[in-house]
Each structure stands twice: as structure tokens, then as C-alpha cells.
Amino acid sequence: MAQESPKNSAAEIPVTSNGQLEDSLEHSFNRDLNRSLPVGLGLSETKITSHGFDNTKEGVVEAGPFTGSSASPKSSVISPSSAAASRLAGQGCDLIIPTGSRAQQKSGPVVLADEVKNPAMEKLELVRKWSLNTYKCTRQIISEKLGRGSRTVDLELEAQIDILRDNKKKYENILRLAQTLSTQLFQMVHTQRQLGDAFADLSLKSLELHEEFGYNADTQKLLAKNGETLLGAINFFIASVNTLVNKTIEDTLLTVKQYESARIEYDAYRTDLEELNLGPRDANTLPKIEQSQQLFQIHKEKYDKMRNDVSIKLKFLEENKVKVLHNQLVLFHNAIAAYFAGNQKQLEQTLKQFHIKLKTPGADAPSWLEEQ
């Protein structure tokens, strides 16, 4: 016996006269529809098409999320429009399930962030600027040595710098000679001390020459003591002159070197600007002239600043040099004169005047009583 084919539950949708679904049958329709769907497939992936006998067009009903209670958490309720619902009345409806994958969600507007600075590009740009600056300065130096290029000269400042360099050489020569005198005096004092000890030992062992050996021993010991006092004054003189030459003057000459480097850069960019100004002026050269003018102005300000710094340091150096050398020359003269005149009191007074303290041999080491 032929069995009656089951009707499609999606086709049996009663519709009211105004095209709206009946509320009493809405729940049963949703239940039957959820049973007919495969597991894991929501209504958001389906569409309903109605086929009429005289119309081949498809009526599409959008599927939205279900907000009411349902047996399956993934079920949805079909909310057809009035036009689609009226078309479903009296017509057979087929449920079409797409076999493709879910459509991807459209991405929102893309906001492009600011371009991140690349450290490698920054370093490359620094190297490029350094190479260009070095090339310009080298070309300027070679042009000056060959007599082809012009250089900026401050006659008064250049004269002061030349005098400073010449004085530095002379002070270095005085420093070397004073160090040589100190070394020789130290050796003489050491020899006199040993000679005095030898005379004292012979005065005890030779009874017939006891007094003669004793006089010579006292004389050599006194000369050694005065020599140590003079040696302290000379070493103080050497230390002060060494500080003046190798620290104060050297610091000023370091500023002079920076000034000369700034002068070379200034002349190099000045020459470039002059060459561009002599050439034609068109759309291609005007930006280059403007950029060269800006670089020239920057190096001109740097050159002026370094020139002022050198002038100030030279002024302070001259004042400091006069004070230091005045005291040290007075000390050196009085100490030498008192030593060779045999005036021990005057020699000691000279050291006290300049607050010089002599280091007694073995004074740093504590005695055995202090250790106990």
C-alpha cells in the first residue's frame, strides 16, 4: 500500500489575512524547523525560498537570532516581512540549506598609524651628514694649504693664540729643567747623607782624627738637611707649574682647537654659498641656495660662539697665570738664595711663608712604641 509522503513542515505555515503569522503556531513551527536542521547549523546560515506555479522568483526571508526560550541554544526564529509572508500563503515552500562555509565578517575601517622611525635609517642619515661635512672641511683645508681658498682670520685673537702656544713651549722647557735639577739635587742630598754617616763612623773608630771626622760629618748632615728643604721648595714649584701647563693651558688650547674646527666649517659652508650665488638662479638652484644659506647661518653662529669662548678663556688664563707664576718665582728665588748663602733660618722661613710641609724620611711609618 502506497504510503502518503510526509509534508514539509516548512510549507504548512498558516498566514492571517493581513499577512502576519499566527502566534499559536509559531512555537510549533520553530520546533519542527530546528529538528529538520543538521546539528551545528543555525538559522543564520539558511534562507527560505517560495516557488509559485506562475513565478520563478525566489522570496528570501532573513533569519535573525531567537530571543525566547528554546530547546536548542543555537535555534533562531524566522521573522518574515509582510510581503514575504503573504507570498507564502497558498504556495509550497522549500527549505534550502547552503553547503558552503560561513561568510566571513567584513572588516571595519583600517586606520593607518604613523610610520615608526627606523633606527637604521636614522644612523644612515647621521653617517651621510657626517661624511658630507667631513668632505667639505677636508676640501677647505686642502684649498687653504694650496693657497686657492680664503680663510676667515681674527688678527687679534690669532696673535693671542700664537703667544699662548709659544709660552706653553717655554714653560714646558722650564718644567723639564726644574725636574732635572730636582733629580740631581735629590742624588746630591742622598750622597751627602751617606758621606756624613761615613764621617761619623770614622770619628768613633779613629781617635787621633776624631774631631776632624766629626766636623765633616756635621757639615755634610747640615748640607743634607738644607738640601731636603730646598728639594721640597723645588718640588712645590714643579707641581704648580705642571698644573698650569698641562691642565690650565691645555684646557684653553682644547677650546682653541674647537674654535679652529668651527672656523674651518664656517669657511667651508661660506665657500659653498658663494659658489651657488655666482651660478644661475632657477627653480632647481633656488632650493639649494636656501638650504646652503641656512647651513651657513648655523655654522656662523657656532663660529661666533666659539670665538667668544676662546677670548674669555684667554683673559682668565692670563690673570691666573700671573698670580700663580708670581708666587712660584718668588718661592724659587728665595729658596735658592737662602740655600747657597747657608742661611738655614731664611730657608725654613721661606717654606713656612708658602705653607710647604716637608716629609721627614720614615715619618709615615709608626714607631714600635706606637705599634704597641
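Why does Lys-225 count as partly exposed? Lys-225 has a relative accessibility of 45%, and therefore it counts as partly exposed, a class that lies between buried (under 20% relative accessible area) and exposed (over 50%), as found with a 1.4 Å probe on protein chains only. The model is predicted, so that local features need pLDDT of at least 70 and side-chain atom pairs count only at pLDDT 80 or more, while totals for chains, interfaces and linings use all residues. Residues are numbered from 1 along each chain as its sequence is written, and side-chain values use heavy atoms, with hydrogens and water left out.

Lys-225 is part of helix α5, which covers residues 210-278; helices (H or I, at least four residues) and strands (E, at least two) are DSSP runs numbered from the N terminus. Apart from neighbours within four places in sequence, Lys-225 is in contact with Gln-344 and Glu-348, where contact means heavy atoms within 4.5 Å. Between Lys-225 and Val-189 there are 7.9 Å in space, C-alpha to C-alpha, and the two are 36 residues apart in sequence.

In the protein as a whole there are eight helices and four strands, and along the sequence they follow the pattern α-β-β-β-α-β-α-α-α-α-α-α. Of its 372 residues, 28% count as buried. Among contacts between residues at least 6 apart in sequence, 74% join residues at least 24 apart.

The next topic is a pair of helices. Helix α4 (residues 155-205) and helix α6 (residues 285-341) have axes that come within 12 Å and cross at roughly 30°, the axes being lines fitted to C-alpha atoms over the stretch in contact, with angles from 0 to 180 degrees between N-to-C directions. α4 and α6 are therefore roughly parallel to each other, a term for angles under 35 degrees. Residues that make the contact include Leu-157, Ile-161 and Leu-164 of α4 and Val-310, Leu-314 and Leu-317 of α6. By class, this contact of α4 with α6 has 13 nonpolar, three polar and two charged residues; Ala, Val, Leu, Ile, Met, Phe, Trp, Tyr, Cys and Pro count as nonpolar, Asp, Glu, Lys and Arg as charged, and the others, Gly among them, as polar.

An unreviewed UniProt entry annotates residues 154-181 and 289-320 as "coiled-coil region", in the numbering used here, although such annotations may be inferred rather than shown by experiment. In the model, residues 154-181 are 96% helix and 0% strand, with end C-alpha atoms 41 Å apart, and residues 289-320 are 100% helix and 0% strand, with end C-alpha atoms 46 Å apart.

Technical notes
Parallel < 35°, antiparallel > 145°, perpendicular 65-115°, else oblique.
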